[in-house]
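Please look through the sequence and the 3D structure below before reading on.

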Amino acid sequence: MSTESSSTDDRIRSLVAQTRAWLVDAGLLPGLSEAAVDAKAEVICTFATLCAPTPASARGQRLAAQLTGVFFFLDDAEPDVLRSTIDEMVPVLRDQPPPSAPSGPADAFFAYLAEVSALGPVHWFKAQFLAFLEALLEEAEQLADGPLSMQGYLALRHRVIFVEEYIWTWLLSEGRPMDEAGVRGTALLRRLASEVVYLVNDLGSVERERAAGALDPNLVFLLEREEGCSEAAAVAQVVRRHDDAVARYTAERERLLQDQPLASVSAMVGVLDDTLAGNLETTLRLVASRYPGAAEALGQLRAYPDRLRGHAPT
């Protein structure tokens, strides 16, 4: 193993050691065996480590892992638990008092929110997280009526992939500059980044989800069902969609950096670059040894722009 790989593995193990107990105590990994808890904590901390900016503060890495843990809980929750947890979170996101006795996952989110609130303005994050919760509920309601259609899937997928929410943990923890112009101006770039990430995730999870019965929504399965194509043809189409999204992301990124040379725009571009690269690297790590078909598909993807390195953490 290379020195760089060893260093990455060491950082992941260190972050697991810091956050595993917090994740368990908060009830974010319910119903899992000890081995499954270890595996889930490692996945969470791998995302938080590999999607981090360079350099990244230790506090920022811990906060990113905590927020990722909240996302994984919400993403995996049964509909009734999802609705009750969202009911607890929504008032706080709307600047109203929290419930008197919140559940562990809601309380963990409130603790995360209180910490990042001391680091910078959180109104953009809170509005985006609220939109994410609304999308999760919409997805749950549609799934209760049966499998998603292609149209329904494409309308929802970028809204529940958690890119636009996740980036705020790094913007806040690393003290990156942000203003209304930066948020408004990068709306399309953030949307394209979400598309890139969900296409990678669909490709990376095909073999695992098929082994589990192909119950989770996945663009590959939808293409097979609605277009009557083979898995190979569906995968090839998703690869093309990914590469087209990367091309559009790259073009919009270049336009922004040239036409809107604002510190806030550069900050947003930087965290999005980190998220795209880190998501792909994490997905490759997770599938490399267990799902060779997924690894092969991911290896065909168009390269991303070189990361725009941001400022040192404050």
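Predicted model: local features only at pLDDT ≥ 70, side-chain atom pairs only at ≥ 80, totals over all residues.

Residues are numbered from 1 along each chain as its sequence is written, and side-chain values use heavy atoms, with hydrogens and water left out.

**More on H4**

- Helix H4 (residues 79-93) has 15 residues and reaches 20 Å from its first C-alpha to its last, which is close to the 21 Å expected at 1.5 Å a residue; that expected span is 1.5 Å times one less than the number of residues.
- The buried residues in H4 are Leu-82, Thr-85, Ile-86, Glu-88, Met-89, Val-90, Val-92 and Leu-93.
- Just after H4, Asp-95 takes a positive phi of about 65°.

**Gln-61 in helix H3**

- Gln-61 has its place in helix H3, and this residue counts as buried because its relative accessible area is 16%.
- Leaving aside residues up to four places away in sequence, Gln-61 touches Arg-11, Leu-15, Ala-48, Thr-49, Ala-52, Ala-56 and Trp-170, where a contact means heavy atoms within 4.5 Å.
- Although Gln-61 and Ile-12 are 49 residues apart along the chain, their C-alpha atoms are separated by 9.8 Å.

**The chain as a whole**

- The secondary structure comes to 14 helices and zero strands, where helices (H or I, at least four residues) and strands (E, at least two) are DSSP runs numbered from the N terminus.
- With 314 residues, a compact globule would have a radius of gyration near 20 Å, and the chain, at 19 Å, agrees with this; the radius is taken over C-alpha atoms, and the globule rule is 2.2 Å times the number of residues to the power 0.38.
- Taken along the principal axes, the C-alpha atoms of the chain fill a box of roughly 50 × 45 × 40 Å.
- Of the 314 residues of the chain, 51% count as buried.
- Among contacts in the chain between residues at least 6 apart in sequence, 75% join residues at least 24 apart.

How values were computed
Buried < 20%, exposed > 50% of the residue type's maximum accessible area, 1.4 Å probe, protein only.
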